[in-house]
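Please keep the sequence and the three-dimensional view side by side while you read, and look up each element as it is named. The explanation goes from helix pairs to sheets and then to the ligand.

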Amino acid sequence: MTNMFKDIIQKLYETQNITDDEIKLLIDLPESEAAPLREAALKRRREYYGNDVFIRGLIEFSNYCKNNCYYCGIRAGNTQVERYHLTKDQILQCCDTGYTLSFRTFVLQGGEDLSYSDDDICDIVSSIKKAYPDCAVTLSIGEKSKETYQAYFDAGATRYLLRHETATPDHYAHLHPESMSLENRKQCLWNLKSIGFQVGAGFMVGSPGQTLDCLVADLRFLQELSPDMIGIGPFIPHAQTPFAHEPQGSLLRTLNLLSILRLMFPYVLLPSTTALGTIDPIGRELGLEAGANVVMPNLSPVDVRKFYALYDNKICMGDEAAQCIRCLGMRVKCVGFRIVEDIGNVRRSV
Ligand code: SF4
């Protein structure tokens, strides 16, 4: 059995591709057999990124959202969450703190908040670019028209994160209300790519209704899209959602998928997510050891963080940005990597 796994891993390392059945075997690789997969993924990440870990300063600037995704704690239907949005000045203050702490990428993340016009977002983006020309601005604010994406790009945003969540239509319909469609989600990603954004897609591991076939479809869609970033993290239920009683995603499966992604997409920017750190005290370290090369500490003001709970028990809710980066720096160092002061662009070739 062990030799069979080793052969599949070697094939994936050499060709960046394996069959659907082989993918399924690796996704469910038992812990006792996982070492060769981790080693191959680490070897690959070192070829492209050495021991560098890029940091992204996450600014959760609004928890208003018009949508009602069934898994999300800030969905419109959750009347118990206290809503907030940050002003441009507050956002710039977060960037200022981040810049001093060596961040060279700011990720503006929020729900689909209709109170910010396209002009408002463009104004925020261009103000950040003006104040910090050596930094990248990433947006993660959901589905928009191609024209709107173009306006964001023209204002200076060069990266966009939009997890596709699942590439299987039935599964998409299980996770989202009828008003949302997988077709539109995918179209948004294609539009972003055609405009010239560095694009990030991704999915939750263990979301309700997810099968191994769904995960294979996710990887195949990612191969088609060839995104610059891939964000995955375990599904974690939120008490005020329809999925409150669903089980959380598995740590081992998430780690196996991180390693598979590193081998399939050697160049990719792969975050070790906060969700991973939430389900296991050393989840983010394990994520780095599985092939991840990005961490995203929170730069949002501490007093609003508790209101941006996409899932329950999220970590780092009370830590100032300086504390977060110190703590993460130590965690990264403990597993043999180093945080670098760098804009952190994708390295498509070695
Ligand atoms: S997942 Fe995103 S789009 Fe869906 S409800 Fe949450 S914030 Fe809104």
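At what angle do helix 2 and helix 9 pack, and how far apart are their axes? Helix 2, covering residues 20-27, packs against helix 9, covering residues 212-225, at an angle of about 115°, and their axes are 10 Å apart. That angle makes helix 2 roughly perpendicular to helix 9, where angles under 35 degrees count as roughly parallel, over 145 as roughly antiparallel, 65 to 115 as roughly perpendicular and the rest as oblique. The contact involves Asp20, Ile23, Lys24 and Ile27 on the side of helix 2, and Leu212, Leu215, Val216 and Leu219 on the side of helix 9. Sorted by class, the residues of this contact are 6 nonpolar, no polar and 2 charged. The crossing of helix 2 and helix 9 is right-handed.

The model is a predicted one, in which local features need pLDDT of at least 70 and side-chain atom pairs count only at pLDDT 80 or more, while totals for chains, interfaces and linings use all residues. Residues are numbered from 1 along each chain as its sequence is written. Helices (H or I, at least four residues) and strands (E, at least two) are DSSP runs, numbered from the N terminus. Axes are lines fitted to C-alpha atoms, for helices over the stretch in contact, and angles run from 0 to 180 degrees between N-to-C directions. Two residues are in contact if their C-beta atoms, placed from the backbone, lie within 7 Å. For the classes, Ala, Val, Leu, Ile, Met, Phe, Trp, Tyr, Cys and Pro count as nonpolar, Asp, Glu, Lys and Arg as charged, and the others, Gly among them, as polar. A crossing is left-handed if the near helix is turned anticlockwise from the far one by less than a right angle, and right-handed if clockwise.

The axes of helix 3 and helix 10 (residues 251-264), in turn, come within 9 Å and cross at roughly 45°, so helix 3 and helix 10 are oblique to each other. This crossing of helix 3 and helix 10 is left-handed, whereas the crossing of helix 1 and helix 3 is right-handed.

Turning to the sheets, an open sheet of 6 strands has the order 2-3-4-5-6-7 and parallel pairing, where two strands pair if DSSP finds at least two bridges between them. Its edge strands, each pairing on one side only, are strand 2 (57-62) and strand 7 (229-234). Strand 2 pairs with strand 3 (residues 105-110) in the parallel sense over 5 bridges, and Leu58 has Val107 of strand 3 as its bridge partner. Helix 4 (residues 88-100) lies across strand 2 and strand 3, running at about 170° to strand 2.

Another open sheet has 3 strands in the order 8-1-9, also with parallel pairing. Strand 1 (residues 52-55) and strand 9 run parallel and are joined by 3 bridges, and Val340 in strand 9 is the bridge partner of Phe54. Helix 14 (residues 321-334) lies across strand 1, strand 8 and strand 9, at about 130° to strand 9.

Finally, the ligand is surrounded by residues including Cys65, Asn67, Cys72, Arg75, Glu112 and Gly142, a residue being near a molecule if its C-beta atom, placed from the backbone, lies within 6 Å of it. The shell around the ligand has 4 nonpolar, 4 polar and 2 charged residues.
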